[in-house]
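User: Can we go through this model together? I'd like the strands, then the side chains.

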Amino acid sequence: ATASMDGTIRVYKPNGKVRTLKGPETEIYWFQWHKKGTVIVAGCGDGTMWMWHAMNGKCMQVFAGHADVVSCGSFSHDG
């Protein structure tokens, strides 16, 4: 997968198809796959963090409340 300055994440499948996860209207600073490989979280330039189900492309939740860029983050060790 790749993250972009246009607020999208592109998930590349082995068959060559690409699923685009649409997020904020600002840049994505980082992203991480969940250890089970079905969920992606990303920190964004608008102070939000987004979580998607990577297989169907649906946004699961948007976390808001940061005053500045969400420049790092991670899933906890136990999921």
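Analyst: One definition to start: two strands pair if DSSP finds at least two bridges between them. Strands are DSSP runs of E with at least two residues, numbered from the N terminus. This is a predicted model; local features need pLDDT of at least 70, side-chain atom pairs count only at pLDDT 80 or more, and totals for chains, interfaces and linings use all residues. Residues are numbered from 1 along each chain as its sequence is written, and side-chain values use heavy atoms, with hydrogens and water left out.

User: Good. What stands opposite A42 in β6?

Analyst: W50 in β6 stands opposite A42. The two strands, β5 and β6, run antiparallel and are joined by five bridges.

User: And what order do the strands of the open sheet take?

Analyst: The order is β4-β5-β6-β7. That makes an open sheet of four strands with antiparallel pairing. β4 (28-33) and β7 (59-63) are the edges; each has a single partner strand, so one side of each lacks a neighbour in the sheet.

User: By how many degrees are neighbouring strands turned against each other on average?

Analyst: By 15°, direction ignored. Axes here are lines fitted to C-alpha atoms, and angles run from 0 to 180 degrees between N-to-C directions.

User: Back to β4. How many bridges does β4 share with β5?

Analyst: Five, in the antiparallel sense, with β5 covering residues 39-44. I28 stands opposite C44. F31 has A42 as its bridge partner, and W33 has I40.

User: Which residues in the hairpin turns have a positive phi?

Analyst: In the turn between β4 and β5, G37 has a positive phi of about 80°, and five residues separate the strands. Between β5 and β6 there are four residues, and G47 takes a positive phi near 85°. The hairpin of β6 and β7 has five residues between its strands, with G57 at a positive phi near 80°.

User: What joins β6 to β7?

Analyst: Four bridges, with the strands antiparallel. M51 stands opposite Q61 in β7.

User: Is β5 buried or exposed?

Analyst: Buried: six of its six residues are, so β5 is largely enclosed by the rest of the structure. Buried means under 20% relative accessible area, exposed over 50%, partly exposed in between (1.4 Å probe, protein chains only). Both faces of β5 are covered, with V39, V41 and G43 on one side and I40, A42 and C44 on the other.

User: Now loops. Where is T48?

Analyst: T48 is in the loop between β5 and β6 (49-53). T48 is buried, at 12% relative accessibility. Its side chain makes a polar contact of 3.0 Å with that of W50. A polar contact is a pair of N or O atoms within 3.5 Å; within protein, one must be able to donate a hydrogen and the other to accept it, and residues adjacent in sequence count only if both atoms are side-chain atoms.

User: What else does T48 contact?

Analyst: Leaving aside neighbours within four places in sequence, its contacts are P24, A42, G43, V62, F63, A64 and V70. Contact means heavy atoms within 4.5 Å.

User: Switching topic: how many salt bridges does the structure hold?

Analyst: One. The side chains of R10 and D6 form it, at 3.5 Å, N to O. The cut-off is a side-chain nitrogen of Lys or Arg within 4 Å of a carboxyl oxygen of Asp or Glu. R10 is partly exposed at 26%, and D6 is partly exposed at 41%.

User: What joins the side chains of R10 and T8?

Analyst: A polar contact of 3.0 Å. T8 lies in strand β2 (residues 8-12) and is buried at 10% relative accessibility.
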